[in-house]
Amino acid sequence: YGLASGAFQMPGPTLCVNAGDTVTVTLDNRLQEPTSIVFPGQSDVSASGGSVGLLTREAGARRSSKVTYTFTADKPGTYTYESGTDSRKQVEMGLWGAIIVYPSCHVTGCNQAYDDPRTTFEATREYIHMFSSVDPDIHAAVQLGKPVDWSTYSAKYYLINGRSAPD
């Protein structure tokens, strides 16, 4: 899970777009299992390529296919994207990230979200904090190709933006 370069990154890259932008994400699966991406909070997400999955189109295992997702980012705010296929395991392993939809300057001004002055922000002091936890036993099972027993899940590490806390 990571950038086009193939470098691992957890969480995945933060996607920063402006309200009204058309967003296109192409998933090139390098996993040994099918995967997909869903975009909670975004409407009218279309997908092409791959095959039909439970929630959206999936890219097959081992680069057998690609899927392209497209949507218009119409509501300013902070959202996530994440796996839509075996999400419990794939999100645990790092297939998730943030989407920041900035307000359209010509509609609300560049320093507030929505049409509400209570959402005013100072763009030079904007920070995103993505919190997650890791159970190393789950990761070991996945790495060894063993079945995962989710009833034994016990987070041992807590991360902020993919870095261990409190370091």
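Mentor: Let's start with contact: two residues are in contact if they have heavy atoms within 4.5 Å. Keep in mind that this is a predicted model. Leaving out residues up to four places away in sequence, Ala98 touches Pro13, Thr14, Leu15, Tyr79, Thr80, Tyr81, Ile128 and Met130.

Trainee: Where is Ala98, and why is it called buried?

Mentor: Ala98 sits in strand β9. The cut-off for buried is under 20% relative accessible area, and Ala98 has 2%, so it is buried. Ala98 and Thr80 are 18 residues apart along the chain, with their C-alpha atoms separated by 4.3 Å.

Trainee: What makes β1 and β3 edge strands?

Mentor: Take the sheet to begin with. It is an open one of four strands, in the order β1-β9-β8-β3, with mixed pairing. β1 (15–18) and β3 (37–38) each pair on one side only, and that makes them the edges.

Trainee: How do you know that β3 and β8 really count as paired?

Mentor: Pairing takes at least two bridges between the strands. β3 and β8 (residues 77–83) have two bridges, in the antiparallel sense, so they meet the rule. As for a partner in β8, Val38 bridges to Glu82.

Trainee: Which residues touch the most other members of the largest nonpolar core?

Mentor: Ile37, Phe39, Ile99 and Val101, out of 16 residues in that core. At least two core residues come from each of β2 (22–28), β7 (66–72), β8 and β9 (96–102). Apart from that core lies another, of six residues, including Trp96, Ala98, Met130 and Leu159.

Trainee: What does Phe39 touch?

Mentor: Setting aside residues up to four places away in sequence, Phe39 touches Val25, Val45, Tyr69, Phe71, Thr80, Tyr81 and Ile99. Phe39 also belongs to an aromatic cluster with Tyr69, Phe71 and Tyr81.

Trainee: How many aromatic pairs are there, and why is Trp150 with Tyr153 called stacked?

Mentor: The count is four aromatic pairs. For Trp150 and Tyr153, the ring centres are 6.2 Å apart and the planes are at 25°. Pairing needs centres within 6.5 Å, and stacking needs planes under 30 degrees apart. Both values pass, so this pair is stacked.

Trainee: Are those two residues buried or partly exposed?

Mentor: One of each. Trp150 has 18% relative accessibility, so it counts as buried under the 20% cut-off. Tyr153 has 31%, so it counts as partly exposed.

Trainee: What about Ser132: where is it, and what makes it buried?

Mentor: Ser132 lies in strand β10 (residues 131–134). Its relative accessibility is 16%, again under 20%, so Ser132 is buried. Beyond neighbours within four places in sequence, Ser132 is in contact with Met10, Trp96, Tyr157, Tyr158 and Leu159.

Trainee: Asn29 is in a loop. How do you know that it is buried?

Mentor: That loop runs between β2 and β3. Asn29 has a relative accessible area of 2%, so it falls under the 20% limit and is buried.

Trainee: And what lies by the side chain of Asn29?

Mentor: Backbone oxygens. That of Gly60 lies 2.8 Å from a polar atom of the Asn29 side chain, and that of Ala59 lies 3.2 Å from one. The limit for a polar contact is 3.5 Å.

Note on methods
Residues are numbered from 1 along each chain as its sequence is written. This is a predicted model: local features need pLDDT of at least 70, side-chain atom pairs count only at pLDDT 80 or more; totals for chains, interfaces and linings use all residues. Side-chain values use heavy atoms; hydrogens and water are left out. Rings of Phe, Tyr and Trp (its six-membered ring) pair if their centres lie within 6.5 Å; planes under 30 degrees apart count as stacked, over 60 as edge-to-face and the rest as tilted. Buried means under 20% relative accessible area, exposed over 50%, partly exposed in between (1.4 Å probe, protein chains only). A nonpolar core is a set of buried Ala, Val, Leu, Ile, Met, Phe, Trp, Tyr and Cys residues joined through side-chain atoms within 4.5 Å. A polar contact is a pair of N or O atoms within 3.5 Å; within protein, one must be able to donate a hydrogen and the other to accept it, and residues adjacent in sequence count only if both atoms are side-chain atoms.
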